[in-house]
Amino acid sequence: MSRWKTVSRITTATAWLGSRDHLMTTAAIAPRQWRKPPLIKRAWLRWALGLSAVVYLALAVGTIDVNWTRLWEGLPRGARFFAAFFPPNFTGRWHDISDGILESLYMTVASTAIGIAISIPVGLGAAKNVAPGVVYYFCRGILALSRSFQEIILAIFFVKLFGFGPFAGLVTLSFATIGFYGKLLAEDIEDTDPSPAEAVRATGAGWLQWINYGVQPQVMPRMIGLALYRFDINFRESAVVGIVGAGGIGATLDTAFNRYEFDSAAAILLIIIAIVMLVEYSSGYVRRWVQ
Amino acid sequence: MLQIRGLTKRYRTGDLALKSIDLDVADGQVMALIGPSGAGKSTLIRCINRLVEPTNGTVSLNGANITALGSYELRRARRRMGMIFQEYALVERLTVMENVLSGRLGYVGFWQSFLRKFPQSDIDQAFQLLARVGLDHMADKRADELSGGQRQRVGICRALIQDPDLLLVDEPTASLDPKTSRQIMRLIKELCGERKLSAIINIHDVMLAQLFAERIVGLQLGQIVYDGPPNRLTAEVLTTIYGEEDWTATIRKAEDDDEAALRPRADVPLENRQPHHDRDRMAGLT
């Protein structure tokens, strides 16, 4: 009985204290605390995730075996290697270099054009707001397939299929362009403002007219920008896929390295850099213009 | 003549937007459709040209049952129903002329429209309409260079060049200032008169509806709760449509004229009130 009383007395006391607390906060003496709610609510989970990430990173770094003495001894060799690049020799193998560059440019232009031509219908089909269900899944499938392999893997595959030379490179880059351009086109179409498209549909326009008037003007600037960007990527990739035998400047570069003609290789690298920069600047200009 | 019978729309989410609507709109009649947000106004006018597929019921325009049409006939039927939108719904990157000519898409083939080779008669008509709304000098401007009122006038031209029998107008003044709103409503009313068009105008501004429509239909939760002339919109009627509120400032009495309606309203912020000397400019649009 007496125990009961004590308990109840304590309860009353805390209740009283609590209410006084409350009075104090509403009297604006102590400001109400606020903190941004954490991303992960449960504190133990938050700490466990953070800690395990740190531990994993430490272990992963630990497994990288760096041979510091070898690295140190290699430095002068690296310097000699770089020195061999200078002065770049543009003239010695100019014929091979210009052939390679031209082949790469042909490959780039053709694969960008073919890739984009194919990705327009695929991209339209892969946009949920313009394509019916079955078409949508089919076209998304094509895009996923095209995007699942890196250009080098595709190039190796197509070189085996079609033999050495620029045709394999052309097919590789076209195929890769479909995945890139089609996906971004589809996403841009899905992001378009539906009301102008609805207005065009309300006039009695057919499906193609609807796309041409209601959708195309909205996606055009981004599509032009992306076409130039993909041109840029395709040119750089044409140098890479050449190394596995798909023609273009990459093949010339590979040959130069294999023959230890580093001065010619340097010339090729400089030309690649110059062309990429040229495309970069002109695409920036064109993009501003189409806005 | 537009006849709607038992029109019902249930969205896939299960929401019943329209509950068996019956409505007739006579030729040449300008009707305002008022009601709170979510009452089904937009759904109703979109069910008429089947931008929204009705679940049940029939819509017929001049005796032709629109709800039964296949996709080809539906496109042909849509040519006879011009639509004017909230926020104008112009294609911003196209020129004013292209936007107006897009109203002819139902009449020309794909290649004609793709190459922008519209028949000369269409181009003449487009210039006439643009001149009528005072925008013929803007034909080659891009639509996004225009002001709100100008854009809506382009939207009106796009609807009229379809040569419609009926105008479906969805919140035409929603993003316009009070003065431009009146000009746009007056223009729509005048054009309907000139061309003997009937119109259904969704509008949330009760004052504007009373000023410019000859008939008012009140929609609430997908049902028609009022159908009558503007001067019978009493506080009780507005309460059944929208719910309890002080309606004294909203109701326009039968003897009021245009001018009285333009008197400063308590619920319009001071900077939006119409200065009196502006009245003569408001009388004509162009």
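**Close-up views of a predicted two-chain model**

**View 1. Domains of chain A.** The domain assignment of chain A, which is automatic or taken from a database, gives domain 1 (38–83) and domain 2 (92–290). The C-alpha centres of domain 1 and domain 2 of chain A lie 35 Å apart. The model is predicted: local features need pLDDT of at least 70, side-chain atom pairs count only at pLDDT 80 or more, and totals for chains, interfaces and linings use all residues. Residues are numbered from 1 along each chain as its sequence is written, while chains are lettered from A and ligands numbered from 1 in the order in which they are written.

**View 2. Overview of chain B.** Chain B has eleven helices and ten strands; helices (H or I, at least four residues) and strands (E, at least two) are DSSP runs, numbered from the N terminus. Of the 286 residues of chain B, 40% count as buried. A residue is buried if 20 or more other C-beta atoms, placed from the backbone, lie within 10 Å of its own; it is exposed if 12 or fewer do, and partly exposed in between.

**View 3. The antiparallel sheet of chain B.** Four strands of chain B form an open sheet in the order S2-S1-S4-S5, with antiparallel pairing; two strands pair if DSSP finds at least two bridges between them. At its edges are S2 and strand S5 (64–65) of chain B, each pairing on one side only. Strand S1 (residues 2–10) and strand S2 (residues 16–25) of chain B are joined over six bridges. Across this pair, Leu7(B) is opposite Ile21(B), and Lys9(B) is opposite Leu18(B). Five residues lie between the strands of this hairpin, where Gly14(B) takes a positive phi near 100°. Helix H1 (residues 41–48) of chain B lies across S1, S2 and strand S4 (56–61), at about 60° to S2(B). Axes are lines fitted to C-alpha atoms, for helices over the stretch in contact, and angles run from 0 to 180 degrees between N-to-C directions. Two residues are in contact if their C-beta atoms, placed from the backbone, lie within 7 Å.

**View 4. The mixed sheet of chain B.** Six strands of chain B form an open sheet in the order S6-S7-S8-S3-S9-S10, and the pairing is mixed. Strand S6 (81–84) and strand S10 (223–228) of chain B are at the edges with a single partner strand each, so one side of each has no neighbour in the sheet. From one strand to the next, the twist averages 20°. Strand S7 (residues 166–170) and strand S8 (residues 198–202) of chain B pair in the parallel sense over five bridges, and Leu168(B) has Ile200(B) in S8(B) as its bridge partner. Helix H9 (residues 235–242) of chain B packs on this sheet, touching strand S3 (30–34), strand S9 (215–220) and S10; the direction of H9 makes about 160° with that of S10(B).

**View 5. Where chain B touches chain A.** In this view, 22 residues of chain B are in contact with 19 residues of chain A. On the chain B side, helix H2 (71–78) and helix H4 (110–114) are the elements that give two or more residues. The residues of that side divide into ten nonpolar (Ala, Val, Leu, Ile, Met, Phe, Trp, Tyr, Cys and Pro), six charged (Asp, Glu, Lys and Arg) and six polar (the others, Gly among them).
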